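Please have the sequence and the model at hand while reading.

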Amino acid sequence: MPEEIIHIKAPMDEKTVLGLRAGQKVLFDGVFYTARDSSHKRLVELIEQGKPLPIDLQGQVIYYVGPTPARPGQVIGSAGPTTSSRMDPYMEPLYKKGLKGTVGKGERSQEVIDLMKRYKAVHFSNIGGAAALIAKSIRKCDMIAFEDLGTEAIHRLEVEDFFAIVAYDTLGNDMYKEAIKIYSRQ
Amino acid sequence: MRQIEARHITEAVERLCVEANYVLGDDLVEALKGALEREESPSGRDVLSQLIDNARVSGEGQYPACQDTGFTIVFLEMGQGVQVIGGDLYQAINSGVARGYKKGYLRASIVKDPLKRVNTGDNTPAVIHTELRTGDRLKITVMAKGGGCENMSRSAMLTPAMGKQGVVNFVVDTVRRGAVNACPPVIVGVGVGGTFDECALISKKALLRPIGSPHHDPATAGLEKELLEEINNLGIGPQGLGGRITALTVHVEKYPCHIASLPVAVNMECHSHRVKTATL
């Protein structure tokens with residue numbers, strides 16, 4: 001596993017996406033959009049109805065997060081990742097719209113790993129439960145769409161030195177499988 | 001009868017909701033520090049260091065430990081000599097939850113109808129479990145239970161012939177399937193026996209014991225030790241990045257069961273274990 005941490009920009013260009021390998025640790029600078037269960041459902045419904053999306057997904061990174069409410073003076077409340085695999089059923093239409101990256105915790109289905117190969121996208125994991133620390137790498141947070149969904153609404157985040165690890169790359173490599181194999185005694 | 005005013009219950013629940021979400025228990029922080037000493041994987045050690053740091057930051061009271069501030073589970077141990085006056089007990093508890101989540105800037109994570117999925121906006125209703133006891137005190141324990149780890153929980157109705165090995169296999173398999181998504185290092189609550197419903201409940205109650213405190217029954221404590229060793233041989237490690245510490249502890253609770261049955265339930269708990277208690 002490469003130990004050196006690299007800086008990358010979000011949204012991501014094709015060269016960046018294709019160059020990432022499972023296990024690579026990264027620090028993101030740039031823009032993420034937040035979305036989780038209910039907002040994914042709405043995005044995919046809009047696509048199915050042929051309606052425009054509230055965001056252009058080309059090259060973008062979606063962060064699976066439902067933050068706590070910001071206190072006065074805070075940019076955002078605690079903002080750790082939620083479980084990625086719950087979004088698995090919604091992925092193909094989003095990749096078709098140009099989505100290149102997702103950030104969340106935990107594993108993805110083989111189907112999504114195959115979709116990432118097909119659509120040249122990657123998935124990153126960050127540390128679930130380190131939500132107070134993660135909030136400090138978020139510099140700005142703006143409401144974009146589906147405000148009625150509360151914490152599940154789509155927000156635009158500006159991030160700086162946001163830590164993540166490439167969990168699955170465009171070749172179908174699986175960081176979890178490889179890492180666990182090293183320490184398994186079964 | 002000893003009278004307790006409903007508004008005092010509301011105040012206690014409000015305070016416990018906030019404390020649970022900001023101030024992680026000493027037992028948990030000690031367990032994370034112990035895990036950091038034992039973990040061999042560099043990535044695993046990185047994660048554990050960050051979790052210890054995260055606990056310190058959340059303890060300052062500005063950012064909750066986790067953005068998933070949980071389903072509020074309230075365990076009541078109510079003395080038979082207690083009379084609640086000035087309001088309904090369960091309403092008093094839910095008012096405390098609503099106030100605590102609002103004042104504490106905690107996330108509202110509950111949808112009213114599981115299929116329509118509209119957020120209730122104040123994290124109510126709580127799930128409330130009440131036990132009657134002797135005496136005239138009211139013990140209130142608030143647990144903020146994360147959804148991601150709860151989703152990885154499972155139960156099964158084994159047959160008596162499957163015995164202890166059947167229980168071990170089911171528990172280890174549940175952790176193997178679910179731990180990466182449940183924010184490891186996890187805390188594993190196991191219920192053995194009872195009925196379908198009681199088994200699940202005791203698996204959750206098992207999580208209330210201080211982390212790493214062995215069961216008072218030596219045989220059950222032995223089972224806990226065996227399960228922890230097998231789970232930590234899975235290699236999943238902190239956050240699934242590979243390592244020795246997949247679980248911080250395994251707590252088992254048992255209950256008598258039917259001659260036909262061997263129920264087993266695994267309640268998965270993330271490392272962001274948030275429990276606080278008050279006695280009125």
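**Chain and domain interfaces**

Across the interface of chain B and chain A, the rule finds 1 salt bridge, in a model that is predicted. That salt bridge joins the side chains of Asp46(B) and Lys25(A), at 3.8 Å from N to O.

**Chain B against chain A**

- Between chain B and chain A, 18 residue pairs are in polar contact, with both residues at pLDDT 80 or more.
- Helix H3 (42-59) and helix H6 (163-178) of chain B each supply at least two residues of the side that touches chain A, and H3(B) gives the most, with 10 residues.
- The side of chain B that touches chain A divides into 18 nonpolar, 20 polar and 7 charged residues.
- The contact takes 45 residues from chain B and 43 residues from chain A, and the area buried between the two chains is about 3700 Å², of which carbon and sulfur atoms give 53%.
- In chain B, the residues that lose the most area to chain A are Tyr63(B), Gln67(B) and Tyr105(B), together 20% of what that side buries.

**Domain 1 against domain 2 in chain B**

- The domain assignment of chain B gives domain 1 (2-20 + 64-145) and domain 2 (148-273), with C-alpha centres that lie 26 Å apart.
- The area buried between these domains is about 850 Å², of which carbon and sulfur atoms give 66%, and Phe75(B), Met143(B) and Lys145(B) supply 59% of the area that domain 1 buries against domain 2.
- The count between the two domains is 3 salt bridges; the side chains of Glu150(B) and Lys145(B) meet in a salt bridge at 2.8 Å, N to O.

Key. Residues numbered from 1 in each chain as written. Chains lettered and ligands numbered in written order. Predicted model: local features only at pLDDT ≥ 70, side-chain atom pairs only at ≥ 80, totals over all residues. Heavy atoms only, no water. Contact = heavy atoms within 4.5 Å. Buried area = accessible area lost by both parts, 1.4 Å probe. Salt bridge = Lys/Arg side-chain N within 4 Å of Asp/Glu carboxyl O. Polar contact = N/O pair within 3.5 Å; in protein donor to acceptor, adjacent residues only side chain to side chain. Helix = DSSP H or I, 4+ residues; strand = E, 2+ residues; numbered from the N terminus. Nonpolar A, V, L, I, M, F, W, Y, C, P; charged D, E, K, R; others polar. Domains from an automatic or database assignment.
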